[in-house]
Amino acid sequence: LVEITDAIRSYTIKKFERIMRHFEKITKINVMLKVDKIQQIAEATIMAPGHVEFFAQSTDTNLYAAIDMLIDKLDRQVIKHKDKLQA
């Protein structure tokens with residue numbers, strides 16, 4: 001696991017705000033950041049009402065890039081789910 005600095009924490013929270021703008025009904029977010037040799041791994045699970053769960057994982061040599069890719073993956077899942085609910 002990675003020691004979470006204030007910079008990493010605030011960056012991650014700021015990025016998750018993007019997902020919250022698209023889908024306000026999120027009840028819980030679990031984020032795990034780890035290092036595997038030179039690879040930085042970011043993974044997250046988002047819970048929503050109705051036992052809806054979104055999961056994504058991304059890997060990069062740069063932790064900030066891994067977080068960015070993680071948010072992109074989760075955002076696509078959340079938007080797709082929201083579109084299904086509206087249809």
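A quick note before we start: the model is predicted, so local features need pLDDT of at least 70 and side-chain atom pairs count only at pLDDT 80 or more, while totals for chains, interfaces and linings use all residues. Residues are numbered from 1 along each chain as its sequence is written, and side-chain values use heavy atoms, with hydrogens and water left out.

## The strands

Let's begin with strand β2, which covers residues 39-48. Eight of the 10 residues in β2 are buried, so the strand is mostly covered. "Buried" means under 20% relative accessible area, "exposed" means over 50%, and "partly exposed" is in between (1.4 Å probe, protein chains only).

Which strands pair with β2? Strand β1 (residues 28-36) does, running antiparallel to β2 with nine bridges joining them, and so does strand β3 (residues 52-60), also antiparallel and over nine bridges. Two strands count as paired if DSSP finds at least two bridges between them. Looking towards β3, A42 stands opposite S58.

Now for the turns. The hairpin of β1 and β2 has two residues between the strands, and K37 takes a positive phi near 60° there. In the hairpin of β2 and β3, with three residues between the strands, G50 has a positive phi near 85°.

## The aromatic pairs

Rings of Phe, Tyr and Trp (its six-membered ring) pair if their centres lie within 6.5 Å; planes under 30 degrees apart are stacked, over 60 edge-to-face, and the rest tilted. By this rule there are two aromatic pairs.

| Pair | Centre to centre | Angle between planes | Type |
|---|---|---|---|
| Y11 and Y64 | 4.8 Å | 85° | edge-to-face |
| F23 and F54 | 6.5 Å | 85° | edge-to-face |

Y11 lies in helix α1 (residues 6-22) and Y64 in helix α2 (residues 63-86), so their pair ties together parts that are 53 residues apart in sequence. Y11 is partly exposed, at 22% relative accessibility, and Y64 is partly exposed at 33%.

What about the other pair? F23 sits in the loop between α1 and β1 while F54 is in strand β3, so this pair links parts 31 residues apart in sequence. F23 is buried at 6% relative accessible area, and F54 counts as buried at 5% relative accessibility.

Note on methods:
Helices (H or I, at least four residues) and strands (E, at least two) are DSSP runs, numbered from the N terminus.
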